[in-house]
Amino acid sequence: PNDLWIGTNNHVMVLMVNEKQLKGMPMPKGWRDLMEPQWKGKFALTDPSRSGTAYMLVYGLLRQFGLDGLNAIARNAVITGSSGATYKGVATGEYPVGLTIEYAAQEFVAGGQKEIKLVYPVEGTYLAPEGMVLIKGAKNMEAAKAFYNALMSREVQEALLVKHFRRPARSDVNVAKLSGLPELKSIKLFPLDQQAAAAEYEQLVALWGRAVAAA
């Protein structure tokens, strides 16, 4: 609001799948598949109180599928203590599937792990922007502005995409050509209100805690 902050890049939530570990199970197509009983203990999800991106993912699940859907995911998920534990666990074969962020999963694909696949849920997925602000009254404001402008430049946005698969906030970057990731317009999205998500943090973390405890 009022240009108080800007998104530097967008995290897209995906299902990171290790095909070798499916062991005859069908490739999941979306969130609803993982709510089925046969997926119990076969996918990892980071505790939303320990990760901002995991929080947005769980918040999205609640908004899209209601409390019943959230409870179904909680019943089946293996809860990890960090985002890294989720996507690294899938990469090493500890879990067949992880609910995680696009760039982290893509790094393993780019590293040569052909068994790793990114699935964009058919029901729609969620975005979590990383933000940047200038602090009012900062001692080194000119340096801050220079860094701010550099990070938002096309050159740096493209470099972060190519080297680290960070999906740019800029709309004039050809994501598919530079990284092999799909263009954002081709991904089905479920819209979330970032301001509402922030305001409801305590409520959601409490709901999730009860859902996990009940599971």
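The model is a prediction in which local features need pLDDT of at least 70 and side-chain atom pairs count only at pLDDT 80 or more, while totals for chains, interfaces and linings use all residues. Residues are numbered from 1 along each chain as its sequence is written, and side-chain values use heavy atoms, with hydrogens and water left out.

**Helix α8**

Begin by selecting residues 201-214, which form helix α8; its 14 residues reach 20 Å from the first C-alpha to the last, close to the 20 Å expected at 1.5 Å a residue. That expected span is 1.5 Å times one less than the number of residues, and helices (H or I, at least four residues) and strands (E, at least two) are DSSP runs numbered from the N terminus.

Now show the side chains of Leu-204, Leu-207, Trp-208 and Ala-211, which are the buried residues of α8. Seen down the axis of α8, these buried residues fall within an arc of 95°, so they line one face of the helix; the arc is that of the directions from the helix axis to the C-beta atoms. An α-helix has 3.6 residues a turn, so residues three or four places apart point the same way. Turn to the other side of α8 and Glu-202, Arg-210 and Ala-213 are exposed. Here buried means under 20% relative accessible area, exposed means over 50%, and partly exposed lies in between (1.4 Å probe, protein chains only).

**Helix α2**

Next select residues 83-91, helix α2, where seven of the nine residues are buried, so the helix is largely enclosed by the rest of the structure. The buried residues are Ser-83, Gly-84, Thr-86, Tyr-87, Gly-89, Val-90 and Ala-91. Just after α2, stop at Gly-93, which takes a positive phi of about 90°.

**Salt bridges**

Side chains of opposite charge can pair when their charged atoms come close. A salt bridge is taken here as a side-chain nitrogen of Lys or Arg within 4 Å of a carboxyl oxygen of Asp or Glu, and by this rule the count comes to six. Three of them are visited below.

Select Arg-63 and Glu-200, whose side chains meet in a salt bridge with an N to O distance of 2.4 Å. This pair links distant parts of the chain, with Arg-63 in helix α1 and Glu-200 in the loop between α7 (194-199) and α8, 137 residues apart. Arg-63 is partly exposed, with a relative accessible area of 39%.

Move to Arg-167 and Glu-102, which meet in a salt bridge at 2.7 Å, N to O. Arg-167 lies in strand β7 (residues 167-168) and Glu-102 in helix α3 (residues 102-110), so the pair ties together parts that are 65 residues apart in sequence. Arg-167 is buried at a relative accessible area of 2%, and Glu-102 is buried at 1%.

Then select Arg-166, which forms a salt bridge with Glu-130, the closest N and O atoms being 3.0 Å apart. Arg-166 is in the loop between α5 (154-164) and β7, whereas Glu-130 is in strand β6, 36 residues apart. Glu-130 is partly exposed, with a relative accessible area of 31%.

**Loops and backbone**

Most residues other than glycine have a negative phi. Select Phe-165, in the loop between α5 and β7, where phi is near 60°, a positive value in a residue other than glycine; Phe-165 counts as buried at 9% relative accessibility. Lys-23, in the loop between β1 and β2, has a positive phi near 50° and is exposed at 67% relative accessible area.

In the loop between β1 (6-18) and β2, select Lys-29 as well, which counts as exposed at 57% relative accessibility. Leaving aside its neighbours within four places in sequence, Lys-29 is in contact (heavy atoms within 4.5 Å) with Val-119, Tyr-120, Pro-121 and Val-122. The C-alpha atoms of Lys-29 and Leu-15, which are 14 residues apart along the chain, are separated by 8.5 Å.

**A nonpolar patch**

Finish with Leu-4, Trp-5, Val-133 and Ile-135, which make a nonpolar surface patch of about 420 Å². Patches are made of residues with over 30% relative accessible area and no salt bridge, with like charges joined within 9 Å and nonpolar side chains (Val, Leu, Ile, Met, Phe, Trp, Tyr) within 5 Å; accessible areas come from the Shrake-Rupley method with a 1.4 Å probe, and for residues only the protein chains shown count as cover.
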